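Colleague: I have not seen this structure before. Could you take me through it by question and answer?

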Amino acid sequence: MSNQNGYSKPDEVVSTTWITGTVLAVSLAAGAGGAPLVGALREGVQEQFALPFWVTGAGVGVLGLAAGILGMILTRRLPGVRRTGLFRVGLILSFLAFGLYCFIRGGDFWAIAGLAAGWFIMSLGRSFAGTSNAIFADLWHHSPHTGVILLHAINSIGKVIAPVMVLVIGAGLGGNARVYAVIWLVLTLVVFTWPRKAIAHLDCTEQHQHAEARKGAPVLHSPLFWLVCLQFAFIAGSEAGVTSTLPSFIERHRQGIWGLSARGFSQVVLVVMLLGIVAGRFVALIASRRAGERGIIKVCLVSAVAAVPAVLHPAPAVFLPCFFILGITFSATWPAFFALAARRFPNDKTILSMGATMCTIAGINGFMLVASLIGNNPANLPWAVLASAGSIVVFAVCFFALSMRRSA
């Protein structure tokens, strides 16, 4: 049945398989295209535009943070737009960003301005597309943490694809942008084929949650809400700091092996760490029902100690498996903590998604900036990697101090 506004009841059985598949496909593509300025691609962009290491980090940090804040503001100013609508807007903006990158040539002022504008638009699109976490939590309402971990497990596969694509396509911004532009165009068109009844069902579920949320105090007035959101900055920022500086560290402080150049080997090491993220998320997915969110997060946090031998020991037989283990740190921490937070704020998933996404963007860009400032001197790149990995300790302290029990 549907109500008088055309929305199906939240408890009505509605097939959402097509939406589920599409969101997973977007998550896969976002893993590959969500952080294009890492590894050899970052080095290539810096060479093309003659940008110092720290300037790239500063530009990415400031623009990404501004886009995240704007996304949060717009979400509050557009109360009639549901999660599914915001998700569609996010995809359109991502396509426009990659489309813009296709036309950037040279390294003059206008080219740099285009590079900055593209990153801002892409970051804004990511903030809107971040509502996919809330959408998936509703799609998997019987086990939200399993659904969110699945979403991020698929995303992690895309992260592995990104450096592989650079090895195949090259480190040029234009070539990579054309591939991603086509991918995002297809995905953008696909989301407009979602069944109207399934969209109505999800919108009605969200509307019901908002009605329940209005019965209590506004969540934005809760210090605990903002403290919870802030933790996503440390989780995502730690990963971003490591990912953005690891290839440069390998290229300058380790010798290429297996006949690879130093730059090519740096991509291999990055893939190894990303495979650790993939493995960790799929293991967490299998064990999610038994281990629970807290157990998953604890295992991930323990894996962070691998950062020390990974950076300090020069032998590939040591640092390669250690970087794989370090990847486990960044595997299921974010989705497990989001599922935990969603249980604490069950009727505020949209604003929680936006708050988590805004802080994630702030963390990614802010930590990339800090890591870039530390690693601007190539001799300090080992410390940039260690400082980034070590920042997850801040989250660990807050995680064990916070009370995340579901509100009565």
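What follows is a short exchange about this predicted model.

Colleague: How many helices and strands are there in the protein chain?

Modeller: The model is predicted, and its protein chain has 408 residues, of which 58% are buried. As for the elements, the chain holds 0 strands, and its helices number 17.

Colleague: Among contacts between residues at least 6 apart in sequence, what share joins residues at least 24 apart?

Modeller: Contact here means heavy atoms within 4.5 Å. Of the contacts in the protein chain between residues at least 6 apart in sequence, the share that joins residues at least 24 apart is 84%.

Colleague: Is Thr 20 buried or exposed?

Modeller: Thr 20 lies in helix H1, which covers residues 17-33. Leaving aside neighbours within four places in sequence, Thr 20 is in contact with Phe 136 and Leu 139. The cut-off for buried is under 20% relative accessible area. Thr 20 has 17%, so Thr 20 counts as buried.

Colleague: How far apart in space are Arg 294 and Leu 340, C-alpha to C-alpha?

Modeller: Arg 294 is in helix H11 and is partly exposed, at 33% relative accessibility. In sequence, Arg 294 and Leu 340 are 46 residues apart. In space, C-alpha to C-alpha, the distance between Arg 294 and Leu 340 is 8.1 Å.

Colleague: What distance does helix H13 reach from its first C-alpha to its last?

Modeller: Helix H13 runs over residues 316-329, which is 14 residues. At 1.5 Å a residue, 20 Å is expected. The reach of H13 is close to that, at 20 Å.

Colleague: Within what arc do the buried residues of H13 fall, seen down its axis?

Modeller: The buried residues of H13 are Phe 319, Leu 320, Cys 322, Phe 323, Leu 326, Gly 327 and Thr 329. They line one face of the helix, because seen down the axis of H13 they fall within an arc of 165°.

Colleague: Which helices are included in what covers the buried residues of H13?

Modeller: The buried residues in question include Phe 319 and Leu 326. Their cover includes helices H10, H11, H12, H14, H16 and H17.

Colleague: Is H15 roughly parallel or roughly antiparallel to H16?

Modeller: Helix H15 (residues 349-375) packs against H16 with the axes 7 Å apart, in a right-handed crossing. The contact is made by Ala 371, Ile 374 and Gly 375 of H15 with Leu 381, Trp 383, Ala 384, Ala 387 and Ser 388 of H16. The angle between H15 and H16 is about 155°. An angle over 145 degrees counts as roughly antiparallel, so H15 and H16 are roughly antiparallel.

Notes:
Residues numbered from 1 in each chain as written. Predicted model: local features only at pLDDT ≥ 70, side-chain atom pairs only at ≥ 80, totals over all residues. Heavy atoms only, no water. Helix = DSSP H or I, 4+ residues; strand = E, 2+ residues; numbered from the N terminus. Expected span 1.5 Å × (residues − 1). Buried < 20%, exposed > 50% of the residue type's maximum accessible area, 1.4 Å probe, protein only. Arc of directions from axis to C-beta. Axes fitted to C-alpha atoms, helices over the stretch in contact; angles between N-to-C directions. Parallel < 35°, antiparallel > 145°, perpendicular 65-115°, else oblique. Left-handed = near helix turned anticlockwise from the far one by under 90°.
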